[in-house]
Amino acid sequence: MTTEQKAPEKKPVKKKGPIRWEAIIPVTIICAGAYAYFAWFFDQHLKKAIEYVGTQANGAEVNVASVKTSFLRGSFDLNGLQVTDKDIPTHNALSLDNVHFQYMWDALLRMKFVVDDASINQIQVASKREKPGFVLPPEPAKPSKLDGLQKEVLDQVKKEYSQNMLGDLLALLEGADPKDQLEKIREELKSEKRVKEMIADVETKQKVWEGEVKRLSDTSKLKEIEAQVQAVKAEKNVLKQLAGAKELNDLLKDVQKQAKEIKGAGKKLEGEIRVVSAYPNEVQALVRDDIASLKNRFKIPELDVKDMAMALFAKEFGGYIAKARKYQALAKQYLPEKKEREEVLPPPREVGKTYEFPITKGYPLFWLKRAAISSTGTPGSYSGNVSGELTNVTTSPKWVKKPIVLDLKGDFPASEMYGVQAKVTADFTGAVARQGLDLKVSTFAVPSRMFSESEKLKFGLKKATGSTTLTAALQEGTMKMSWNAQISKPDWLVEAKSNLAQELLSGIVQGIPVIYVNGDVSGPWKALNMNITSNLGDELANGMKAQVSRKIAEAEGKLQALVDEKIKGPQAQLMGQLKGNGDFLSQIKNADQLYKANEDKIKAEIAKLQKGGGGKGGLEEQGKNLLKKFKF
Amino acid sequence: MTLLLKQLFGFFKLLHSETGNNQLAWGVALGFILGMTPALSLQSLLVFFCLFFFRVQIGAAFLAAFFFKFIAFLLDPAFDLVGQWALELPSLQGLFTDLYNMPIVPFTRFNNSIVMGSGIVAIILLPFVLAGSKWAIIKYRVTVVERFRETKLFKAWTKTSLYAWYYKYDTYFGN
């Protein structure tokens, strides 16, 4: 490095001002680029984003015809939304012609999103697509929380109804034919068995008593006594007379013993006759028991009118309650109930604490003031002529002080549903949140509704015209719902295998021009108390009751006849035998009297002999005379 | 990235030149505000606007923002306390309520305690940071740069062909 470097001459430095003019152009270009993006590309990208997110969420293709946003106007327009039905890809689950949101600039400048005017036009359900929509491959099934909540309600309702109660009852009536049952139990009648036992008992007793009575009524002994008394009486010899008196005393003892035996036997016989005499009453009681037990065998149910209405309509009402539960849970997810005073949790240090000052002339964070809903029915879809509005959807209902209200009115000609009025209210303005639903349908075509669909019985409505009102209110986890329906011009379907059921049901339904159904349910979701009444239930239950009563009477008559047939003969035999027992008693009584008479006679003779009776004074007298002769 | 690197090189170059004290000082001061502000807010955008439209040294601003961000993170509890004190002042409740309900102002997130606290601290300290950074730059140039220029090593370096080439390049193409 020997050569000294020559420094080139410096360019004179131009004094620059405080503004960075050279940055203006790049910034302008960036701004112009941003403007161009939002003007020409943003809407396209937003449309693609909505389609992609919608498709992933729905599980089937979601199409959007166009999206138009305007930053300056604060507007958002979505046109031609089609949501493919993933079960029927040729149809849309939902389609909307246009959704328009108009944000307020005044609110946007306050970091708030207030939609002053919105509209949702031409809502269609199940409309046909131009070409089938793409369906995403199904994901592995996961237990749905909403399904679980609905199941909880339906499980409670299921306890209240039987799928085929009507069929079961008729089958029961069919099966309760007394003839069959009587044949089965013919050998099992308690009364018949007992009567046989009674007869055997009486026969045994009769044999015993025949012998006994014969023995006790034997008069040979009495004749012997008579002869002995006469012999003692005719004896002249004093000594022999004394010996005869002694013999008479012995005889008296025998007679007394015999009389005592006869008396005892008489009492025993009387006791046995008393027992045996109760046999007829016992037989009657057993006959009654047998009839009662046979009735039980028929298992004829006690029909409750309330149960019948519940069995017929609980499933339908339960479906409404389950839907209410589902939508309430969804509403709770998106519109969480706000507490009166927000709990202030200490935030993380780096996040700080955000203070909320009173809103005096501002807006809540989000407020959809009013969205108009309209739709015109088109052929081939389930869309209807609907008009209505959704008002006051907000994040600060306590500040807005107005409940969220969805008010819809319309007709659905494709579904033959007219005069639909629905008002859904969600009120979070007070300390306690309240949600309500008022639904009224003036006329609708009742689809085929089967109350019983068994092999033996097909019973239901082929078609009818109905009107219904449904009101529901939910407050603090307790729901109250009432349902009133009127079904007129019913076209019944009655197909029963048995003539009995055919006649019975045809007869009943002919007298029901209008079906009224009134249901109500109240209580917490986990313990609902449901009640349903219906004139159809009343009529069916009353008809069934009459039929059951007739069956019971018929069964009773047949049972009585059966019992009579089986019991009558043996019972008569028993009664005849019992009469025979009465004869034994009179024979015993006669023998007793006879012995008593002989006893008295012997006693009198002994007394006579002791007083010197007999032929020549008493023994004492004769004895004294004899002593005189020996000069004592 | 190129722009940022260019700005950073520019910062060091300017630091070693004889001019641009104010540009550098304002860059550090605005970087201080950026660093103190916890998140993107309206005032941050305002600072960015100033950085781009006024001839302020952007590299200095970013470097300062990066440096002060760490300090601010440590000072967050203090900012939180200052912010709470200010936002709970009864005499200012009316003003804050009005501001809260005004258009555009809520974008500043003034109702957040840390934003408010760091904002107050940044505004109070801004003149001191500006003055302090200007003084420090001048001092740096007088003491460090001049002394370095007098060293044999630097003198030897200025005699190299590489330096000559760089010098020529900077004369024609540098700003």
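Helices (H or I, at least four residues) and strands (E, at least two) are DSSP runs, numbered from the N terminus. The model is predicted, with local features needing pLDDT of at least 70 and side-chain atom pairs counting only at pLDDT 80 or more, while totals for chains, interfaces and linings use all residues. Residues are numbered from 1 along each chain as its sequence is written, and chains are lettered from A and ligands numbered from 1 in the order in which they are written.

A hairpin of four residues joins strand 13 of chain A to strand 14 of chain A. Within the pair, A:Gly519 stands opposite A:Ile532 of strand 14. Strand 14 (residues 529–534) of chain A has a covered face, formed by A:Met530, A:Ile532 and A:Ser534, and an uncovered one, formed by A:Asn529, A:Asn531 and A:Thr533.

In helix 12 of chain A, A:Ala501, A:Leu504, A:Leu505, A:Ile508 and A:Val509 are buried (20 or more other C-beta atoms within 10 Å of the residue's own, C-beta atoms being placed from the backbone). On the other side of helix 12 of chain A, A:Asn499 and A:Gln510 are exposed (12 or fewer such atoms).

Between the chains, 28 residues of chain B are in contact with 28 residues of chain A, contact meaning that C-beta atoms, placed from the backbone, lie within 7 Å. Helix 4 of chain B gives the most to the side of chain B that touches chain A, with six residues.

Technical notes
Contact = placed C-beta atoms within 7 Å. Pairing = 2+ DSSP bridges.
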